[in-house]
Amino acid sequence: MAEAHHAIKKTDACDVQGCSSEAERSISGDAAEEAGLKVKEGLKRVHLCKEHYKEYKKLSKKDRELNSLGHQR
Ligand SMILES: [Zn+2]
């Protein structure tokens with residue numbers, strides 16, 4: 001079979017709206033939504049740049065803290 005691959009993009013762009021930085025990581029679309037990141041809708045896989053990955057980690061951590069606080073009763 002002939003190789004039909006076109007040049008594979010070496011770098012994906014960040015999927016956060018308004019951001020066009022190089023993506024460094026990818027997370028699931030659900031995780032991004034839960035964290036409250038403004039990503040394009042309907043993506044199974046969301047690519048994040050360094051900055052937004054940091055933000056995602058911050059957001060998801062905060063979320064966990066809130067949840068655990070809610071359980072401490
Ligand atoms: Zn970004």
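Helices here (H or I, at least four residues) and strands (E, at least two) are DSSP runs, numbered from the N terminus. In soluble globular proteins, nonpolar side chains tend to be buried together.

Before going further, a word on what you're looking at. This is a predicted model, where local features need pLDDT of at least 70 and side-chain atom pairs count only at pLDDT 80 or more, while totals for chains, interfaces and linings use all residues. Residues are numbered from 1 along each chain as its sequence is written, and side-chain values use heavy atoms, with hydrogens and water left out.

Next, pick Tyr53 and Tyr56, both in helix 2 and three residues apart, about one turn of the helix. Both are buried, meaning under 20% relative accessible area, with exposed over 50% and partly exposed in between (1.4 Å probe, protein chains only). How many aromatic pairs does a search of the whole structure find? One. The ring centres of Tyr53 and Tyr56 are 5.9 Å apart with planes at 35°, so the pair is tilted. For Phe, Tyr and Trp (its six-membered ring), pairing needs centres within 6.5 Å; planes under 30 degrees apart are stacked, over 60 edge-to-face and the rest tilted.

Now jump to the zinc ion. Its protein donors are Cys14 (SG), Cys19 (SG), Cys49 (SG) and His52 (ND1), 1.9 to 2.3 Å away. Donors are N, O and S atoms within 2.8 Å of the metal (3.2 Å for Na, K and Ca); water is not among the atoms, so sites may look incomplete. The angles run from 102 to 113°, which makes the arrangement tetrahedral (four donors, all angles between 85 and 135 degrees). In sequence, the donor residues follow C-x4-C-x29-C-x2-H.

Finish on His52 in helix 2 (residues 50-71). His52 is buried at 14% relative accessible area, and Cys49 is buried at 4%.

Methods:
Four donors count as tetrahedral if all angles lie between 85 and 135 degrees; four count as square planar and six as octahedral if opposite donors are over 155 degrees apart and all others between 65 and 115; anything else is irregular.
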